[in-house]
Amino acid sequence: MQVIRARRPSGSASPLLPIIGGAVVGVALLCAGLAIAALAFGTSFAERLMTPGRPGPTQMVVGALAWSLALIAPAAFVIIGLARLGSVVERLALTRPQRAHVEAFARTLSDDFVVATKVRLSDGYVIPELVVGPHGVAIFETLPPPSYIRYVGGKWEVRVGRRRWLPTENPLERAARDAERVRRWIAAEDRDFVVKVYAALVVPDNRIQRTPACAVITRDQVPAYLASLPPQRSLTPSRREFIVEQVRESV
């Protein structure tokens with residue numbers, strides 16, 4: 001099996017910059033919400049906008065807007081800020097060095113398979129691991145450790161701090177969406193054939209149920225999963241080589 005490893009060019013932007021930017025935005029929103037709440041309920045700011053006696057139409061509108069801002073804005077800013085910080089924590093967990101699952105089985109897979117790590121799509125999005133073979137294309141993503149993400153009560157949560165958990169995106173849905181993103185990326189080259197793209201989430205155990213759009217496998221099941229994918233008859237060796245070259249130019 002051929003392995004295409006990612007080579008980071010000199011002078012490229014650090015992957016932590018978007019995370020730092022998201023953290024700054026989250027903290028700013030959280031502080032803004034707390035500041036507005038303190039201004040509205042800790043001072044007489046809102047009351048000053050209310051004219052004693054019988055107010056006129058303009059004063060009523062101004063007063064209603066002031067109280068709406070005092071009641072809604074703080075909660076909205078705090079909720080959005082916490083959600084942004086939760087997303088930052090999840091992305092930070094995903095930036096931790098991950099084991100290349102398919103690359104570890106390079107000696108056991110045939111030469112029909114080509115694996116590439118950290119494939120950067122045209123929009124800048126990075127796919128952790130991608131395999132081109134007789135089946136078409138398969139992407140592999142890793143579930144973060146249980147200390148960072150959990151599935152409780154029918155929803156996924158990411159840990160923020162020591163004891164606080166916030167709702168987060170379903171990792172199976174994200175992997176399926178990434179597979180669709182890869183399919184569109186390949187189709188953007190205006191080829192005369194369509195490539196099937198599969199998604200697989202690598203997990204520590206099989207307690208998570210798969211979905212129609214995303215398989216759930218353990219690391220040891222990677223070779224069997226690739227062997228189980230049906231070959232795409234329209235994907236000839238020459239067409240596979242076109243895809244491999246496109247992948248090679250993106251790592």
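Reader: Let's start with R240. Which side chain of opposite charge is nearest, and how far away is it?

Author: This is a predicted model, so keep that in mind throughout. The nearest one is D112, at 4.0 Å. R240 is buried, yet it has no salt bridge.

Reader: Where does R240 sit, and what is it in contact with?

Author: R240 belongs to helix α6. Skipping its neighbours within four places in sequence, R240 contacts D112, V132, G133, P134 and L235. That list includes D112, the nearest side chain of opposite charge.

Reader: OK, staying in α6. Which side chains there meet in a salt bridge?

Author: R248 and E245 do, at 3.5 Å from N to O. They are 3 residues apart in the helix, which is about one turn.

Reader: How accessible are R248 and E245?

Author: R248 is partly exposed, at 29% relative accessibility. E245 is partly exposed too, with a relative accessible area of 32%.

Reader: Walk me through the R181 pairs. What are the distances to D123 and D178?

Author: With D123, the closest N and O atoms are 3.5 Å apart. R181 lies in helix α4 and D123 in the loop between β2 (114-120) and β3 (126-133), so this pair ties together parts that are 58 residues apart in sequence. The salt bridge between R181 and D178 comes in at 2.7 Å, N to O. Both of those residues lie in α4, 3 residues apart, about one turn of the helix.

Reader: Buried or exposed, for R181, D123 and D178?

Author: R181 counts as buried at 18% relative accessibility. D178 is buried as well. D123 counts as exposed, at 52%.

Reader: Tell me about α4 itself. How many residues does it have, and how far does it reach?

Author: Helix α4 covers residues 171-187, which is 17 residues, and reaches 24 Å from its first C-alpha to its last. That is close to the 24 Å expected at 1.5 Å a residue. Its buried residues include P171, L172, R174, W185 and I186. At the start of the helix, a side-chain oxygen of N170 comes to within 2.9 Å of the backbone nitrogen of L172.

Reader: And E141? Which side chain of opposite charge is nearest there?

Author: R174, which is 4.3 Å away. E141 is buried yet has no salt bridge. E141 is part of strand β4 (residues 136-142). Apart from neighbours within four places in sequence, its contacts are P128, R174, A175, D178, A200, L201 and V202.

Reader: Different topic. What's up with the phi of K118?

Author: K118 has a positive phi of about 55 degrees although it is not a glycine. K118 is in strand β2 and is exposed, with a relative accessible area of 56%.

Reader: How about A215, buried or exposed?

Author: A215 counts as buried, at 4% relative accessibility. A215 is in strand β9 (residues 215-217) and touches A199, A200, L201, R210 and Y225, not counting residues up to four places away in sequence. From A215 to L172 is 8.1 Å, C-alpha to C-alpha, though they are 43 residues apart in sequence.

Reader: Last thing, confidence. Where is it lowest and where is it highest?

Author: Helix α2 (residues 45-48) is lowest, at a mean of 59, and strand β8 (residues 197-202) is highest, at 96. For the protein chain, the mean pLDDT is 81, and 80% of the residues reach 70 or more. Where pLDDT is low, the predicted coordinates should not be read in detail.

Reader: And the overall make-up: how many helices and strands, and what share is buried?

Author: The protein chain has 6 helices and 9 strands. Of its 251 residues, 37% count as buried.

How values were computed:
Residues are numbered from 1 along each chain as its sequence is written. Side-chain values use heavy atoms; hydrogens and water are left out. Helices (H or I, at least four residues) and strands (E, at least two) are DSSP runs, numbered from the N terminus. Buried means under 20% relative accessible area, exposed over 50%, partly exposed in between (1.4 Å probe, protein chains only). Lys and Arg count as positive and Asp and Glu as negative; His and the chain ends are not counted. Contact means heavy atoms within 4.5 Å. The expected span of a helix is 1.5 Å times one less than its number of residues. A polar contact is a pair of N or O atoms within 3.5 Å; within protein, one must be able to donate a hydrogen and the other to accept it, and residues adjacent in sequence count only if both atoms are side-chain atoms. pLDDT is the predictor's confidence in each residue, from 0 to 100.
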